[in-house]
Every structure is written in structure tokens, then in C-alpha cells.
Amino acid sequence: MSDVVAAPPRGAVGRSVPRRDAAEKLRGQAQFAGDIVVPRMAHGKVLRSPVAHARIVSIDVSEAERMAGVVCVLTAADLGDIDPYWGHAIKDRPVVAVDRVRFAGEPVAAVAAEDEATALAALERIHVEYEDLPVVGTVEQALAEDAPKLHEGPLRPGLFHGLGELKPAEGNVCYRYRIDRGEVEAVFAHAQHVVEGEYTFPAVYQYAMETHTVVAQVEGDEITLWASCQHPFLVRAEIAALFQVPIGNVRIVVPYLGGGFGSKSYTKMEPVTVALARKAGRPVRIQNRVPESMVTTRRHGMRARMRTAMSAEGRLLARKVECWFDTGAYADNGPRVTATAGDAAPGPYRWDAYRVDAACVYTNTAPAGSYRAFGAAHLQWIGELQVDELARRAALDPLEIRRQNLCAPGEELRAGGKPLDADLVGDVERVAEAIGWYGERRPGTGRGLSVGLLAAGAHPVSSAVVRMEADGNAVVLVGTTEVGQGARTAFAQIAAEELRLPPERVTVHGADTRYTPYDRSTGASRSTTIAGLAVKRAAEQVRAQLVGIAGTEDVESDSYPELFVRHFGLAGGELIGRGEVSPQGSGSYAEGPIFWEVCVGAAEVAIDEDTGSVRVLKTATVADVGRAINPQLIECQDEGGTLQGLGNALYEEMVFEDGLLMNETLLDYRVPSFEDLPEEMHCIIVENEDGPGPYGAKGCGEGALAAVTAAVATAVADAGVPMTELPLTPERVWRRIQKLKEEGTWPRYDAQQ
């Protein structure tokens, strides 16, 4: 169900036009990386470490190399001509293990063969001798004084570290982010109400339908990749640096992606595939199985300690947060996740003082990277639980607490950063109304609110080209990846709006770094805002040329072919426009974000006292998008984010024991199904035209996940069961109820009103 607080539609913008990719996807005609077949292509498989931490004593590949149908076997010994380490934030990850493995599932060797069956059989013929080393399987173990250090030597920043000076590691802490304001301890000393606790957020898998897939071809110093990646231009730069070739010699072609959610951000399987193709002397495809993708990337697990203070009248005073992010064996995007979480930790409230200390920690587990709404999803549920607990102690309405304390548009959120660009009070009032906040409450149910912000936009660098042909149709070239979010449809609408064309007369091609202009990345809710603005500017240039040829502003699309004949003297030629977006200032993380993505939601839940099962009855989320280019796409984004938020809150958890992943299949790793959908789902689209993107737009798609996870947690607490560990499985909730009964605090009287 969608409610719209909207600006009126324009021509092509503001309408729910059909998706441009719908027909070919429904007919099975859409091409994904796994569909790519290149002449002479071999099939690659990766031998992965069965242990979490060990020294590699020896590797014997001779038996595998002698097998019929085996093209080659790759080990670290084949990489002596390059620096074999990569990593966009910290250059710490080898193409294949060098001397030592640091997580179960780490690539140790790779085989290229004529077919998959032969490649798999050859893995069994590779003999590796390991010498076990102590396993640092948890954040607590990694931070212990006697913990073995997982990475020796100085940290080396990657090409896209982007977070200022990379300071030396502190044991197994590879990155630390601190922010503060005011005298925290002094404020706490005079507060009437203080809540504190320790909390756990689990490692979670992004679970896109398509696993990581790469086809690599190496011809001399020319490298071509067909890859399921979200950031083709960043991958291009990293591959060029790793294999010591000019950036222009690396071509990344990205067909449709079967979902990403951050799992295909930055570089993943591309280095090992290129290295294998380089040795094989022919193209190679590597396609992960689900268990392999689960140890390629995941969401960070986190431990946190939080303390929040409030006055007797309900004014929030201070917050202190310490949090530790399990980034696994290699940093991946951990430093940025840690910084984003640090910014999200205080919440968007007016504080007299706050202090946040966030650490990114190496452990002997699978590397952790990006996942939708990272940072906000980790900490928003904790902060909102504490706001609600303070409200209960002071006998105040949680909604009223938020009205009184939320920052207003234009107020500073982080020193030196962008001021707030959203009406949070209006947003939370809308979701509260949608779930019937003040309505009658049934026994065993609870209602919860959550408000947070996510630093969105990433680095604002995007270019686009719009080309109009002699028949008056237009083509948009832009490097954004179509992950399923509808980017090609939105870009077609933006170009159509400027060119006065129907959207169906605009074609948007997929990303190909040799032909499409530079776009920094697809993620951080940036595509419509940043790349969309580049598309708008490119289309404006074409429109200006048409107006110049016509000699009047009053020119419609049916006259475009005639204008081409007038200008070029024949029914040919083309008009080209180029649009660019670049930083205002340095573009640094400290000066950002490009905009603050709103994470506002509400939920109503019912708890089965006998089983601990939590059923979500209603949800409401706000898509505060500035300007809705395509309302239906926004609604679908929020519905998907809501479902993933339910998964994070109630079901999903990667279970590691001594560094080994114990639940690597859908049989053991629980994701939400259609049966878990709430009876009511409200998506409220808010259009204030206050964003930095085209027509005042700003991105969406991530906020719902963080908002719903937090709203479910606060609703469960409102029902009388405050929890400190996610997911809220029936067993955990049931055990908590038993503990509350022992303490004489179940059922809580006010929860039954």
C-alpha cells in the first residue's frame, strides 16, 4: 500500500511508467554474466581453505595438472611478477593465499579446465599441507591482549580508501573512527534517567539470487571482463593496478545483475579469474555456488555498548557508544562501514554531548563488506530501543519524545558535515499514523517507531552522454549498473522529460567501461541522485541544440526529424550532449554526505508467549525522496527493504564456530518468505523537492531496511520483551520471557494497555 505526499507529475517524470527491462526479463531473454559464452572459454573452479587459520606448508598440483582436460592450475607461485595484494580500502587481500590462510573458504588455488566437472575433479587432486595456527574467531578473541596478529607489517591504503589518513593498526584493529561533542561524562553525571546495555548484531549474508560470476579474457596487456559487479569503473582501476596495465586497457562489461544489495560492490572474484585466464592463455569463467558466495562477502557482525541520558522532562541529553565491527580476515569495505556506523550511532537528535568510538576488527572469518543500509542497520535499532526505554521510565509517549528531540531541517548533525535535509518529525508522524499509533492495543502486541539517518551518495562523480538520432529517438550512455532497482527506467524518464519525448523512445544501455562514461559506483542510493543529474544535464544540452536549430523554445518531438534535415542537410547526423557531476569541495567523506537518507519506520507485532514466535502485523516506512521519478519503483524498493529488514530483525544469522560457517545453505540459513509478509505494508512517499538530484530528487532503497529492523525491535520491547541480540528468534524471545517471569516483570502491565 502506497501513500504519496507528492508534487504533481510533470511530463515523463513523476509517473509509474513500465520498467524498460520488464519484457525481456519476463520472457527469459535478459542476459546475465552466467549466460556469457566466449569462444575457447574454459571453466574455472577455486580450491578453498578448509581451515580458518593456518600456514601453508606445501602445495602439490602435479597430479591435477596431469589430468586430461585440465588447462592449468594457478597458485601464488604464478604471481611472482606482480604485487598480488588488492583491496580498495586496505591493500591486504591476496589473489590466492600466499604462505598463510586467514579464513575457511579463502582461495588457495584455482583450476581451469575444458568443463566444470573436470575442474571440480581436479580440485580433489591438489594436495595442500597446512600447519594450524590459533583461530581468532570472534571480536572478543581478536581484541584480547594475547591475540595473534592476523596481519603483519604496515597497513597499505587501497586506491579508494577515501577516509583520510590510514593510521597504523592497533593489534587486530585495522581502522578506528571517533566523533564527539561536548563533555559527555559531565552531562551523564547530572541526568535524571540513564539507560545502558550491551548488544549484538549478527553477520548476515546479502543473498542475491545470482551468485558472483566473472568471465575474464587476457590478450597481451588487454583485459576484458564480463562481470556481475556493481562498481565496474572501480573494479577496472583495481584490476589495472594489480596486473600493471593502463586503465584504458581494462574493459568491464556488466550485463543485468540478479541482485546485489552490496554483495557485488567493489572487487570480489575478478582478480582470481583474471589471474587464471592470464595463465591459461584463453578466456575463463568462474561462477560461485551459494556457499562460496557466502564466504566471499557478508554483512559485518557487531558488538556494541551504548549509554543514553535524558532529563525528567524528556529532553535527550547525551549518548556514548563503543562498537566493534567484525570485518573478517580482510578489510574489504570495513573502514567505510565503520565510519558510516559511527555517524549513525548518535541518531538524528539534539544532544548536549555525545561520543562514538567505532573499531574495524580483523578476525579469522569470511571477509565482510557492504550490505544495504550498512551502519544504520547496525546501530539504529539499539539507539531507538534506548530512546523508548527512557520514555517508559519517564512515563512519556515515545512519539512525543521524538517530536521534542529530533533535529529540524538545516540543523548540524556532524561537525563539518552536511546539515539535515529532511523533515524527520513529519516523517515519523506519518508512519505512526499509518500503524494506528494511538489506537487500541490488543494483549500480546506491541508497536514501535524508529528514526535514523544514513550518510548516502558516496563520492559524487558521474558522467553521462545523451545522443539523439535523426529519427528523433534518443540513447543514454551511463555507467550505472542495473541491479534490479530500475535505474535504466528512471534514466529514460529523466532524459525523456528534458527532450519532451515519451520514455519508450529513449534507450538506456548497460555499463561497458570502454563505451559508457565514468560513473563512480552503483550503491549508497546514489544513482538517481548523482548519475541521474548527469543524465539530465546531458539531455539539457541536446534540447538546447534543438532549440537553437529551431530558433524557438516552442519545439515538440514530432518536429525533430525535420530539424535534423534542416541542420545536416539530410536525414542523418546526430546531436550529442554530455553531463557531468563532480564534487563541490574536495568530495571527502568528512565534508559529506551528498544527502542524508531517511530511515524512518513503524511496526506492530504480536508475540506468542508459549513459543516466543514474533509475527509482524503492520509496517510503515517513509521514502523521503525529494522528487519521485517513478513512484512504483520507489514503492517496490521499500517493499524489498522491508522484507530484508524483517530478515535482519527476526531470522537471518551466519553462525560461525571456530571460524567455520555452519549454515551455508538455504536449508540452514533462514530468509523471509512470502508467508512472513505483514498483513499491512505502508510505503509513504514524501516529495519536498529538497534533494541535490534532478528535480530535487534524492535516492532511496536503503532506509527501509534499517527502519524496519529497528521498528520491529522497539515493537517487541513495547510488548514487554526488550532484547539485546538479533535476530529475535523464537528461542531467544521465549528464553527472555522466561527470565522476565523469574524477575516478576512479565507480563508488563503497561504493555497490556
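**View 1. The packing of helix 14 with helix 15.** In this predicted model, helix 14 (residues 527-550) and helix 15 (residues 560-568) pack at an angle of about 70 degrees, with their axes 10 Å apart. Helix 14 is therefore roughly perpendicular to helix 15 (a term for angles of 65 to 115 degrees). The axes are lines fitted to C-alpha atoms over the stretch in contact, and angles run from 0 to 180 degrees between N-to-C directions. Contact, meaning heavy atoms within 4.5 Å, joins Arg543, Leu546, Ile549 and Ala550 of helix 14 to Tyr560, Leu563, Phe564, Arg566 and His567 of helix 15. Six of these residues are nonpolar, one is polar and two are charged.

View 2. Helix 13 (residues 487-499) has 13 residues and reaches 18 Å from its first C-alpha to its last, close to the 18 Å expected at 1.5 Å a residue. The expected span is 1.5 Å times one less than the number of residues. Because 13 of its 13 residues are buried, helix 13 is largely enclosed by the rest of the structure; buried means under 20% relative accessible area, with a 1.4 Å probe and protein chains only. Just after helix 13, Arg500 takes a positive phi of about 60 degrees.

**View 3. Helix 16.** The 21 residues of helix 16 (residues 631-651) should span 30 Å at 1.5 Å a residue, and the 29 Å between its end C-alpha atoms agrees. Helix 16 is mostly covered, with 16 of its 21 residues buried.

**Notes.** Residues are numbered from 1 along each chain as its sequence is written. Local features need pLDDT of at least 70, side-chain atom pairs count only at pLDDT 80 or more, and totals for chains, interfaces and linings use all residues, while side-chain values use heavy atoms, leaving out hydrogens and water.

Terms used. Helix = DSSP H or I, 4+ residues; strand = E, 2+ residues; numbered from the N terminus. Buried < 20%, exposed > 50% of the residue type's maximum accessible area, 1.4 Å probe, protein only. Parallel < 35°, antiparallel > 145°, perpendicular 65-115°, else oblique. Nonpolar A, V, L, I, M, F, W, Y, C, P; charged D, E, K, R; others polar.
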